[in-house]
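This briefing sets out selected features of the structure shown below.

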Amino acid sequence: HVRAVAPRFQQRLQALAGHALVGEARGMGLIGALELVQDKNTRQPFDPALGVAAYAGKCALARGIITRALGDTFNVCPPLIITIEQVDDLFDRIALVLDDTLDWIKKTGMAA
């Protein structure tokens, strides 16, 4: 099952690489990570004290997604029984989380 679903998961993960906050999208199988950066061109990270990935994690939880923030990397690893339809729903929600986080960054005056 994972071999059938993982390509769609990775495709949707890589599609988020174009988001203004994402410096790198990486993953394997049903594991994915989005590196959140202050400057997309230089991949300059945010000051860790700002807690950008932690904020994104709170936004994700509000949208029904459990994640783990490691530094400024937003990590996701869904249950192995996830369906392709659920993968699409998951990444639609993650895109909204990234937008929510970018809005928060702009409102608080952090550069992005």
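**Structural briefing**

Lysine 58 is found in helix α2, which spans residues 52-62. The model described here is predicted. The points below cover individual residues, a strand hairpin, aromatic pairs and a pocket.

**Individual residues**

- Lysine 58 is exposed because its relative accessible area, 61%, lies over the 50% cut-off.
- The C-alpha atom of lysine 58 is separated by 9.9 Å from that of arginine 68, a residue 10 positions away along the chain.
- Histidine 19 is located in the loop between α1 (2-15) and β1.
- With a relative accessible area of 14%, histidine 19 is buried, since the value falls under the 20% limit.
- Apart from neighbours within four places in sequence, histidine 19 is in contact with Lys40, Leu98, Asp99 and Leu102.

- Strand β1 (residues 22-28) pairs with strand β2 (residues 31-39) in the antiparallel sense, over 6 bridges.
- Glycine 27 has glycine 32, in β2, as its bridge partner.
- The hairpin has 2 residues between its strands, and glycine 29 adopts a positive phi near 60 degrees there.

**Aromatic pairs**

- The count of aromatic pairs comes to 2.
- Phenylalanine 9 and phenylalanine 91 have ring centres 5.0 Å apart and planes at 70 degrees, so this pair is edge-to-face.
- Because phenylalanine 9 belongs to helix α1 and phenylalanine 91 to helix α3, the pair ties together parts that are 82 residues apart in sequence.
- Phenylalanine 9 is buried, at a relative accessible area of 0%, and phenylalanine 91 is likewise buried, at 1%.
- Tyrosine 55 and tryptophan 104 form a stacked aromatic pair, with 4.0 Å from centre to centre and 10 degrees between the planes.
- This pair links distant parts of the chain, with tyrosine 55 in helix α2 and tryptophan 104 in helix α3, 49 residues apart.
- Tyrosine 55 counts as partly exposed, at 25% relative accessibility.

**The largest pocket**

- The volume of the largest pocket is about 190 Å³.
- Residues lining the largest pocket include Gly64, Ile65, Ile66, Val76, Cys77, Pro78 and Pro79, and also Ile82, Gln86, Asp89, Leu90 and Arg93.
- Helix α3 (residues 84-108) supplies the largest share of this lining, with 4 residues.
- Classified by type, the lining of the largest pocket consists of 8 nonpolar, 2 polar and 2 charged residues.

Note on methods. Residues are numbered from 1 along each chain as its sequence is written. This is a predicted model: local features need pLDDT of at least 70, side-chain atom pairs count only at pLDDT 80 or more; totals for chains, interfaces and linings use all residues. Side-chain values use heavy atoms; hydrogens and water are left out. Buried means under 20% relative accessible area, exposed over 50%, partly exposed in between (1.4 Å probe, protein chains only). Two strands pair if DSSP finds at least two bridges between them. On a 1 Å grid over the protein atoms alone, a cavity is a set of points where a 1.4 Å probe fits but cannot get out, and a pocket is an open set with protein on both sides within 12 Å along at least five of seven lines; lining residues have an atom within 4 Å of a point. Grid points are joined across faces, edges and corners, and a volume is the space filled by probe spheres set on the points. Ala, Val, Leu, Ile, Met, Phe, Trp, Tyr, Cys and Pro count as nonpolar, Asp, Glu, Lys and Arg as charged, and the others, Gly among them, as polar. Contact means heavy atoms within 4.5 Å. Rings of Phe, Tyr and Trp (its six-membered ring) pair if their centres lie within 6.5 Å; planes under 30 degrees apart count as stacked, over 60 as edge-to-face and the rest as tilted.
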